[in-house]
Amino acid sequence: SRRAGDSKGARRVEIPVDLLTPSPGALVPGALLVWAALLGAFTVLWLVSLPLKNASIVDMWWGPAFVLAAAVYLTARPEVGPRAVAVVTLVSAWALRLAWHIGRRNVGHGEDPRYAAWRRQHGASWWWFSWVKVFVLQATVAWIVSWPIGAALSPAPAFASAWDIAGLAIAAAGLVVEAVADAQLRRFKRAAPKGAICDVGLWRYSPHPNSFGESVVWWGLYLVAAGVPGGVW
């Protein structure tokens, strides 16, 4: 645990980080269990990718990985409150939309050129190297990115604080921006000549409005976590 206090002898507050087991006061209980669950899930994906010779299937499962992370964090919480329900609902909506978007774009089009280039580069060793370079790496990054979710699921303080309202509203707005930007780009590609640069809708104001929306989603979730004692870090 970590102790915080001032030099005047004020009451110290313990903020334990319980990595394995449920704990009422833990900021991110079960964090290592989340990592293990993600490594297991992404290893299964890796095994599926081998006969398909397509490592890019991992991209479609990036969003759902956070639903898995949230589910494991919930099992490590002694109680589930309305903040947890709101956060998991928003994360699930974000994850399912992203999986659908990437899936409809990638399925049936072979391996992504970036992964195909690595396959050529590593040759016969790519089958096992892809597990480390693609699947373990993405599982670990997803685990780190999921930490604000683990903190935001805390039942204390009572829902809904100003942090909760602001964070959830900002995250929801980011999700809308991301979805609208992707839809606008999809419509543009269907009508525009090959190689044309999208400059309609939100794309008139930013070269990457979908990435902007993505970052806003996670800043919103961070604000929810920041309202939890110790969640700012």
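A pocket, on a 1 Å grid over the protein atoms alone, is an open set of points where a 1.4 Å probe fits, with protein on both sides within 12 Å along at least five of seven lines, and its lining residues have an atom within 4 Å of a point. Grid points are joined across faces, edges and corners, and the volume is the space filled by probe spheres set on them. The model here is predicted, so to speak of local features takes a pLDDT of at least 70 and side-chain atom pairs count only at pLDDT 80 or more, while totals for chains, interfaces and linings use all residues. Residues are numbered from 1 along each chain as its sequence is written, and side-chain values use heavy atoms, with hydrogens and water left out.

With that settled, on to the pockets. The second largest pocket has a volume of about 280 Å³. Its lining is made up of H101, R104, R105, H109, D182, L185, R186, K189 and N210. Two elements, α3 and α7, each give two or more residues to this lining (helices are DSSP runs of H or I, at least four residues, numbered from the N terminus). The biggest giver is α7, with 4 residues. By class, the lining splits into 1 nonpolar, 3 polar and 5 charged residues (nonpolar covers Ala, Val, Leu, Ile, Met, Phe, Trp, Tyr, Cys and Pro; charged covers Asp, Glu, Lys and Arg; the others, Gly among them, are polar).

The largest pocket holds about 420 Å³ of space. It is lined by 16 residues, and W62, L98, I102, R105 and R114 sit closest to its centre. Here α3 (82-106), α4 (113-122), α7 (162-191) and α8 (209-226) give two or more residues each, and α3 has the largest share, 5 residues. Charged residues number 7 in this lining, next to 5 nonpolar and 4 polar ones.

Then there is the packing. Setting aside neighbours within four places in sequence, W94 is in contact (heavy atoms within 4.5 Å) with W62, G63, F66, L175, E178, E214, V217 and W218. As for α2, its buried residues include W62, G63 and F66, and its buried residues pack against α1, α3, α5, α6 and α8.

Note on methods: Buried < 20%, exposed > 50% of the residue type's maximum accessible area, 1.4 Å probe, protein only.
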